[in-house]
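Open the model in your viewer and keep the selection tool at hand. The stops below say what to pick next.

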Amino acid sequence: MIPPSPGAANFVRDLVRADNEQGVFGGRVQTRFPPEPNGYLHIGHAKAIHLDFGIAAEFGGICNLRFDDTNPDTEDTEYVDAIVDDLDWIGYAVDKILYASDYFEQIYEWAELLIEAGRAYVDDQDSETISLQRGGYGQPGIESPFRGRSVDENLDLFRRMRAGEFDDGARVLRAKADMQHENMQLRDPVMYRIRRGHHHRTGDSWVIYPTYDWAHGQSDAIEGVTHSLCSLEFDSHRPLYDWYLEHLPLPFEQPRQIEFARLELTHTVTSKRRLATLVADGVVDGWDDPRLPTIRALRRRGYPSAAISDFCSFIGVGKTNSRHQIELLESFVRDSLNRTALRRMAVLRPLKLVITNWPAGQVEHFSIQNNPENADDGSRDVAMSGELWIERDDFMVDAPPKYFRLTPGREVRLRGAYFVTCTDYRADADGTVVEVHCTYDPETKGGSAPDGRKVKSTMHWVSAEHSIDARVGLYERLFSAEVPGETTGDPFDDLNPRSRELLDGCKLEAALGHASPGQVVQFERLGYFAHDVREHLLFHRTVGLRDEWANIQKRS
RNA sequence: UCCGGGGUCGUUCAAUGGCAGGACAGCGGUUUUUGGUGCCGCCUAUAGAGGUUCGAAUCCUCUCCCCGGAACCA
């Protein structure tokens with residue numbers, strides 16, 4: 001078991017504690033988790049969620065789920081529902097859902113306030129011109145010719161923007177900040193744009209929408225947020241966040257924005273936009289495709305929620321850009337699953353093994369433990385006959401020194417069954433081994449020899465007669481909520497090509513045919529990547545997901 | 001080019017003026033009816049150069065490198 005990490009950095013906690021002890025915010029702590037409902041949550045969000053909710057809980061404060069829904073073009077209630085559901089699974093059930101769109105009226109009124117104070121103006125130029133005038137790094141900005149409009153004219157124009165008198169993109173409301181500021185965010189940022197998209201909650205009642213910068217801090221302030229935690233790329237927005245708030249009559253103390261490094265992992269992508277592209281382009285089957293690092297996909301693959309929490313608290317929170325190795329996450333998953341996963345046998349690349357001294361037609365049944373880590377998990381019945389499937393990699397004609405598995409003349413154990421000794425093998429014209437011949441020792445029933453002799457290797461196997469073929473749709477049986485009965489047509493229709501390829505021809509022990517949904521199993525010593533033990537440890541990894549993740553990363 | 005944020009074992013996170021430590025990865029051993037698990041051991045780091053100090057990863061100066069920032073995205 002991986003020990004807890006009391007030393008894990010969390011500078012956010014330190015800052016909040018300092019504020020709290022000094023009585024800033026009157027000892028109050030309030031945070032928020034503010035996703036835009038334009039995609040599904042992924043492992044990177046889990047880090048933010050544990051931070052946001054964790055800090056609030058630690059200091060006796062509250063953390064709200066607030067949807068940052070200020071862009072009607074990309075958002076949908078489908079995402080709202082999925083995010084709430086995932087959040088619940090992660091361990092933070094919310095009873096109250098907040099939306100930035102609920103504050104549109106208040107935010108609008110504050111915009112008028114800024115106009116009246118001479119701190120905002122309507123600009124008639126298009127976005128290209130505005131962008132050009134903003135200048136560049138180390139380059140001066142140019143003030144808009146509309147910057148000097150009177151308060152009355154601005155107010156009139158802004159109200160007509162809201163009333164829908166102008167076309168999309170015809171005018172914007174801009175903050176009158178500082179066109180020479182070294183920070184581009186302060187060079188008169190856009191506060192409102194005209195957009196006639198249908199909003200998932202406010203429908204068509206608004207044609208102007210606040211931008212992120214002119215909505216986020218305002219929403220925080222309305223809710224009474226004390227510490228607004230966001231990722232590093234917003235650090236240059238903080239002066240703007242503060243600038244807006246300083247000019248507004250706030251109902252609470254002015255919130256404080258704190259930036260932290262987002263989670264990145266090797267072999268995969270933690271960017272909602274890139275994931276959305278993969279889903280939209282059909283590169284993957286959907287947001288819950290097991291190749292994705294979305295919460296949905298992780299869930300479907302059997303990742304325990306606790307393993308994700310443990311991982312998140314272990315890695316801590318800092319400002320260093322870093323990319324954690326996927327192995328670290330997996331170590332938490334294994335740590336958890338090793339104690340709970342039922343062991344099963346399956347053969348991914350079958351090779352026929354014939355027991356030449358097996359009584360013709362005889363079938364024997366063995367009771368094999370479900371989990372050596374936990375006797376309470378009981379045992380299951382496994383049938384054996386004289387013809388078995390073993391892993392192709394478990395037999396070698398010319399075995400190298402450190403190879404302990406089957407080779408001519410060697411005795412090994414078939415897990416839970418008998419000792420067998422290889423006597424012979426058959427190869428085809430190309431030299432490919434097509435059949436291995438063995439004799440078994442009836443005295444070793446159950447897998448131990450009365451004379452105490454040892455074998456170097458224990459191999460997994462399935463009875464040819466009793467095994468089931470992965471073609472009956474194992475993948476779906478284990479990963480989907482439904483357990484289909486008879487499969488008709490091509491059972492691989494709903495699988496991605498890579499999974500098809502990996503599962504084609506696999507032979508499974510009968511007990512896998514009725515695995516209960518959501519039950520994670522661990523294969524006994526086998527895998528697609530026979531040269532690398534790690535790769536085939538747990539079932540959900542045997543389909544080569546790490547490689548899939550890497551492929552996904554390349555294609556996004 | 002300007003502004004901001006960063007730089008400690010292979011990776012990641014500690015150590016905040018006092019013996020550079022953990023985890024993951026790797027390597028070796030051991031246990032084992034999974035080449036899994038468990039257990040034991042080993043390996044490797046303060047970006048560079050100066051300075052302050054009895055003492056520097058930590059404080060100061062300069063240099064180098066990485067990331068972010070000029071959407072009517074968030």
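Residues are numbered from 1 along each chain as its sequence is written, while chains are lettered from A and ligands numbered from 1 in the order in which they are written.

**The sheet.** Show the strands (DSSP runs of E, at least two residues, numbered from the N terminus). Seven of them form an open sheet with mixed pairing, in the order β19-β16-β17-β18-β12-β15-β20. Pairing here takes at least two DSSP bridges between two strands.

**Strand β12.** Select residues 350-355 together with β15, residues 387-391. Five bridges join β12 and β15, in the antiparallel sense. Leucine 351 faces isoleucine 390 of β15, and valine 354 stands opposite glutamate 387.

Pick isoleucine 355: its bridge partner in β18 is cysteine 438.

**Confidence.** Colour by pLDDT, the predictor's confidence in each residue, from 0 to 100. Chain A averages 87, and 85% of its residues reach 70 or more. Select 473-494, where pLDDT stays under 50. Next select 525-544, where pLDDT is also below 50. Where pLDDT is low, predicted coordinates should not be read in detail. The model scores ipTM 0.95 and pTM 0.88.

Technical notes
Predicted model: local features only at pLDDT ≥ 70, side-chain atom pairs only at ≥ 80, totals over all residues. Helix = DSSP H or I, 4+ residues; strand = E, 2+ residues; numbered from the N terminus. Contact = placed C-beta atoms within 7 Å.
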